Amino acid sequence: MANDTDEQILGLLRDNARMSITDLANKVKVSRATIQKRIEYMENQGIITGYTIRIKPLSERNMIRAWMNIMVEGTKASAVIKELRINPNVSKLHTTNGKWDLLVELQTESLESFDQSLELIRKISGIYNTETSILLSTYKI
């Protein structure tokens with residue numbers, strides 16, 4: 001389980017996954033060795049599962065984005081999630097309650113790759129039903 005120091009480190013890394021160990025140590029007010037040890041611990045415990053980048057929304061203007069609602073058969077959610085996580089077009093994956101079991105945000109570079117991605121996802125064993133909506137516009141609130 002993450003402690004207060006870990007929570008501070010995670011918060012800083014969420015904001016900037018490329019922040020140096022030295023900068024993290026200065027901001028959290030602990031030694032570099034402590035930062036390195038805590039990050040290694042969180043990686044080994046599966047708290048930190050990877051590092052990523054955020055792309056400026058305007059640079060993705062031509063991306064096809066969609067929400068896909070997925071209904072899963074019985075107790076196959078874990079296997080379906082495992083398959084979805086390795087799909088490069090799945091940018092976000094949420095479990096939900098209600099009619100749909102999963103909510104997936106897809107991103108592709110073309111309608112052709114979008115169609116191929118939908119086909120691959122629908123073939124995943126354990127998926128019972130899907131409903132997909134292409135996102136047309138996004139407004140900041």
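Predicted model: local features only at pLDDT ≥ 70, side-chain atom pairs only at ≥ 80, totals over all residues.
Reader: Why is Arg85 called exposed?

Author: The cut-off for exposed is over 50% relative accessible area. Arg85 has a relative accessible area of 60%, so Arg85 counts as exposed.

Reader: Which residues does Arg85 touch, leaving out those up to four places away in sequence?

Author: Arg85 touches Thr49 and Leu93. As for Leu10, Arg85 is 75 residues from it in sequence and 21 Å from it in space, C-alpha to C-alpha.

Reader: What is Leu84 in contact with, leaving aside neighbours within four places in sequence?

Author: Contact means heavy atoms within 4.5 Å. Leu84 is in contact with Ile70, Val90, Leu93, Leu102, Val104, Ile121 and Ile124.

Reader: What makes a group of residues a nonpolar core?

Author: The residues must be buried, of a nonpolar kind such as Val, Leu, Ile or Met, and joined through side-chain atoms within 4.5 Å. The largest such core here has 16 residues. Those with the most contacts inside it are Met68, Ile70, Val80, Leu84, Val104, Leu106 and Ile121.

Reader: Which elements give two or more residues to this core?

Author: They are strand E1 (64-72), helix H4 (77-85), strand E3 (102-108) and helix H5 (111-122). E1 gives the most, with five residues. Another core lies apart from this one and has eleven residues, among them Ile9, Met19, Ile35 and Met42. In soluble globular proteins, nonpolar side chains tend to be buried together.

Reader: How many helices and strands does the protein have, and what pattern do they follow?

Author: There are five helices and four strands. Along the sequence the pattern reads α-α-α-β-α-β-β-α-β.

Reader: How do you know that the protein is more spread out than a compact globule?

Author: For 141 residues the globule rule gives 14 Å, and the radius of gyration is 19 Å, well over that value, so the protein is more spread out than a compact globule. Along the principal axes, the C-alpha atoms fill a box of roughly 50 × 40 × 25 Å.

Reader: How much of the protein counts as buried?

Author: Buried means under 20% relative accessible area, and 28% of the 141 residues count as such. The accessible surface comes to about 10300 Å², with 49% of it belonging to carbon and sulfur atoms.

Methods
Residues numbered from 1 in each chain as written. Heavy atoms only, no water. Buried < 20%, exposed > 50% of the residue type's maximum accessible area, 1.4 Å probe, protein only. Rg over C-alpha atoms; globule rule 2.2 N^0.38 Å. Areas by Shrake-Rupley, 256 points an atom, 1.4 Å probe, with all protein chains shown as cover.
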